[in-house]
Amino acid sequence: MSGRGLARLAPVVLVLAAGLSACGGSDADPPATTSSPTTDGDAVAITVTRKDDAFTPNGERVELGIGQTLKLTVTADEAGEFHVHSTPEQEIEYEEGTSEHEITVGRPGVVEVESHDPASVVLQLEVR
Amino acid sequence: MSGGLPGSSIEAHGLGGAKDLPIPSELAIAGAVAALVISFTVLAVAWREPRYDAATSGREAPAWLDRFVSSPALAIAARTFGMVFFLYVAAAAVFGKDSLVNPFLGTFYVLLWVGIVPASLLFGRFFKAISPARTISMLFARISGVSEGEGMYAYPARLGYWPAAVGLFAFVWLELVYPYSTEIGPVRLWCAAYLGIMLIGSAIWGTTFLERADPFEVYSSLVAKLSVWGRRDGVLVLRSPLANLDTLVARPGLVAVVGVLFGSTAFDSFRESTVWLKLVQSLSTTRILPDTVALVGFSVGVALILTVATMATGVSSQTPRRALPDLFAHSVVPIIVGYIVAHYLTYFVEYGQQTLIQLSDPFSRGDDYLGTADLQINYWLSSHPTFLAVTKVVAVALGHVVGVVAAHDRAIKLLPKRHQLTGQLPLLVAMVGFTVGGLYLLFAA
């Protein structure tokens, strides 16, 4: 390529680079959540609430270590069950009122904790 | 997922258990920088005369290989394999239990839809060789005395690949949007409709219809252009994937096919992102409408970007501007394949093994027809997330290199001399956008 050709390319490269770095900067804001996970000894603890067929939290990401215990406190106005889409799958049945459950995942990956009736992804466990 | 979950309780979730971890940000950035550097390096140092020409490219395969590949025995063996496998899985679909352990679902979503990519990369037009729709329509033609491949009318040229784009969209909608995509009934209905349309279409327009309208055959033949197998004047030749890709014949609708394939894979990452999940779950309606809108948006978006980017150049009198998008669409195929490897590798390897195990027991009675029932799934890949993430980024970067080189060669062939450099830029920027966007989704979703 001639020197002039390269010179003509320089602005394009600059614009692209600037655009990329701008994209990179804008998504750094941390998500504000109402029911943030807390650490409880070696375990991670989180509370899930079911009220009038709506779940809190709503699809939140929770970081979890491989083999680490997630202590799940469920407060529900109606009994139901969660499916933990690990491989193999786990199920958690909860009663009306407040109940305690534990989840451990043995392999890295993103595991959804999901209610099927009503259909809603409650948590996404980022296991690493 | 070895438990026998009833099929009715798996809404809001596709097939398979845990998903891949997001790729680390350093790797995503490294991949994006690589894409940029590669793109402009190709532009700066690559050849100035078109290198690929379907009429001359490729080295003749040894005569014995050509004889073997072209032999009726191999063709019949492939057709028999396709038909037997089809009937076996159809029996599971009709008589098996409506449950996730029914191998029909894994065969449809994993072995067929994802497996079509590696099979076509290795063997060329794999699906065409085994396609049950093609086999049945050939048998019908033979019984009714029609000469092979002919229909009642000639296939209208201006339809091109449009029917395949529609068929592919129908598939990805079923897989990614439809809430009951893992129940046997609706998937079986989809397959029956597909088969019916293929048989009627091939009766009317001959087997050309299957070549242009069968979503699986079009997808497979598109990916096959990245294999080493090709033909020149009927003779089997071995080509580099780049030379082979150049032989793809542009037809109307190719941009739409590419748009659906790339857009839907991107949407698959996007729909599991926390942002989208929180948004659709906070709406009072079901996910179907917003997911459909997003899927259409991604597919049309890719097609539009490609259309605008390829048309934004000076042209010569021989090539009209509106022909350019389809003539350049081939260069997006390697980017799609790289991204699909990144997106579906674990799913294919691990759920593919699961499906092989399930195939031994099509009616969920504890049978072991194929001797695979007692195999254990090897989870090595998902247990090594760093290796997996590096593999993904390498696949995406490799796809990007091949795509950019293919576009460059086509540009110096089609564009007038003084527009060759500037005319390539918009497409180059679009390709960098596709690759960086894909990496961003792998990182953020």
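Me: Happy to start with chain B. What is the strand order of its open sheet of three strands?
Reply: Keep in mind that this is a predicted model. In the sheet of chain B the pairing is antiparallel. Its three strands are arranged in the order 1-3-2.

Me: Which strands of chain B stand at the edges of that sheet?
Reply: An edge strand here has a single partner strand, so one side of it is left without a neighbour in the sheet.

Me: Which residue does B:R232 stand opposite in strand 3 of chain B?
Reply: Strand 2 of chain B runs antiparallel to strand 3 (residues 235–238) of chain B, and four bridges join them. Across this pairing, the residue opposite B:R232 is B:V235.

Me: How does helix 8 of chain B lie relative to helix 15 of chain B: what class does the angle give?
Reply: Helix 8 (residues 162–176) and helix 15 (residues 288–311) of chain B pack at about 140°, with axes 11 Å apart. The antiparallel class needs an angle over 145 degrees, and the perpendicular class ends at 115. That makes helix 8 of chain B, relative to helix 15 of chain B, oblique.

Me: Which residues of helix 15 of chain B make the contact with helix 8 of chain B?
Reply: Helix 8 of chain B passes helix 15 of chain B in a right-handed crossing. From helix 8 of chain B, the contact uses B:F169, B:V172, B:W173 and B:L176. From helix 15 of chain B, the residues are B:T292, B:L295 and B:S299.

Me: Now a loop residue. Is B:P416 buried, exposed or partly exposed?
Reply: B:P416 is in the loop between helix 19 (385–414) and helix 20 (420–444) of chain B. A buried residue needs 20 or more other C-beta atoms within 10 Å, and an exposed one has 12 or fewer. B:P416 has 14, so it counts as partly exposed.

Me: How far apart in space are B:P416 and B:G314?
Reply: Leaving aside neighbours within four places in sequence, B:P416 is in contact with B:G314, B:V315 and B:S316. B:P416 and B:G314 are 102 residues apart in sequence. Their C-alpha to C-alpha separation is 7.4 Å.

Me: And chain A: which strands are at the edges of its five-stranded open sheet?
Reply: The order of the sheet in chain A is 4-10-9-6-7, with mixed pairing. Each edge strand pairs on one side only. In chain A these are strand 4 (60–64) and strand 7 (90–94).

Me: Which residue of strand 10 of chain A is the bridge partner of A:E114?
Reply: On one side, A:E114 of strand 9 of chain A stands opposite A:H83. Strand 9 (residues 109–116) and strand 10 (residues 119–127) of chain A run antiparallel and are joined by eight bridges. In strand 10 of chain A, the partner of A:E114 is A:V121.

Me: How many residues lie between strand 6 and strand 7 of chain A in their hairpin?
Reply: Strand 6 (residues 80–84) and strand 7 of chain A run antiparallel, with five bridges joining them. In this pairing A:F82 stands opposite A:I92. The number of residues between the two strands of this chain A hairpin is five.

Me: Last one: what is the average pLDDT of chain A?
Reply: In chain A, residues 14–34 have a pLDDT below 50. Where pLDDT is low, the predicted coordinates should not be read in detail. Over chain A, 73% of the residues score at least 70, and the average pLDDT is 79.

How values were computed. Residues are numbered from 1 along each chain as its sequence is written. Chains are lettered from A and ligands numbered from 1 in the order in which they are written. This is a predicted model: local features need pLDDT of at least 70, side-chain atom pairs count only at pLDDT 80 or more; totals for chains, interfaces and linings use all residues. Two strands pair if DSSP finds at least two bridges between them. pLDDT is the predictor's confidence in each residue, from 0 to 100. Two residues are in contact if their C-beta atoms, placed from the backbone, lie within 7 Å. Axes are lines fitted to C-alpha atoms, for helices over the stretch in contact, and angles run from 0 to 180 degrees between N-to-C directions. Angles under 35 degrees count as roughly parallel, over 145 as roughly antiparallel, 65 to 115 as roughly perpendicular and the rest as oblique. A crossing is left-handed if the near helix is turned anticlockwise from the far one by less than a right angle, and right-handed if clockwise.
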